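Please open the model in your viewer, with the sequence panel alongside, and follow the selections below in the order given.

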Amino acid sequence: DAPREYVDAAQKDTRLNNICTAAKNNGVIIFTIGFEVTDASAIVMQNCASTANHFYRVEGLEIEYAFESIANQINQLKLTQ
């Protein structure tokens, strides 16, 4: 195994932002769910999502409603295309 390089949280956030931006620039719709995350992590996740409405910050069993909402939105997209 090759040695692994340590990457700090800021670098990870930058990499995630770059990936999300590239995906959005190519027409990918991104939903994100921040499950029991810190405020800082919620901001990163919300910035990754296609819009603020594509981000869900949830605690505990609320995650079920997030997935249900995402499924409904995807079904609506299928119907309109």
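Predicted model: local features only at pLDDT ≥ 70, side-chain atom pairs only at ≥ 80, totals over all residues.

Glu-36 sits in the loop between strand 1, residues 32-35, and helix 2.

Is Asn-53 buried or exposed? Its relative accessible area is 61%, and Asn-53 is accordingly classed as exposed. Now draw a distance from the C-alpha atom of Asn-53 to that of Glu-5: the two residues are 48 positions apart along the chain, and their C-alpha atoms are separated by 35 Å.

Stay in that loop and move to His-54, which is also found between helix 2 and strand 2, the latter covering residues 55-58. His-54 has a relative accessibility of 15% and therefore counts as buried, the cut-off for that class being under 20%.

Now select helix 1, residues 9-25, together with helix 2, residues 39-48. Two packed helices are described by the angle between their axes and by the distance between those axes. Helix 1 and helix 2 pack at an angle of about 20°, and their axes are 9 Å apart. The angle makes helix 1 roughly parallel to helix 2, given that angles under 35 degrees are placed in that class. The crossing of these two helices, helix 1 and helix 2, is right-handed.

To see where the helices touch, show Asp-13, Leu-16, Cys-20 and Lys-24 on helix 1, which meet Val-44, Asn-47 and Cys-48 on helix 2. Coloured by class, this contact between helix 1 and helix 2 contains four nonpolar, one polar and two charged residues.

Finally, clear the selections and view the whole chain, whose secondary structure comes to three helices and two strands, following the pattern α-β-α-β-α along the sequence. The C-alpha trace spans about 45 × 30 × 25 Å along its principal axes. The chain has a radius of gyration of 15 Å, whereas a compact globule of 81 residues would have one near 12 Å. Of the 81 residues, 20% count as buried. Among contacts with a separation of 6 or more, 38% are made by residues 24 or more positions apart.

Terms used. Residues numbered from 1 in each chain as written. Heavy atoms only, no water. Axes fitted to C-alpha atoms, helices over the stretch in contact; angles between N-to-C directions. Helix = DSSP H or I, 4+ residues; strand = E, 2+ residues; numbered from the N terminus. Parallel < 35°, antiparallel > 145°, perpendicular 65-115°, else oblique. Left-handed = near helix turned anticlockwise from the far one by under 90°. Contact = heavy atoms within 4.5 Å. Nonpolar A, V, L, I, M, F, W, Y, C, P; charged D, E, K, R; others polar. Buried < 20%, exposed > 50% of the residue type's maximum accessible area, 1.4 Å probe, protein only. Rg over C-alpha atoms; globule rule 2.2 N^0.38 Å.
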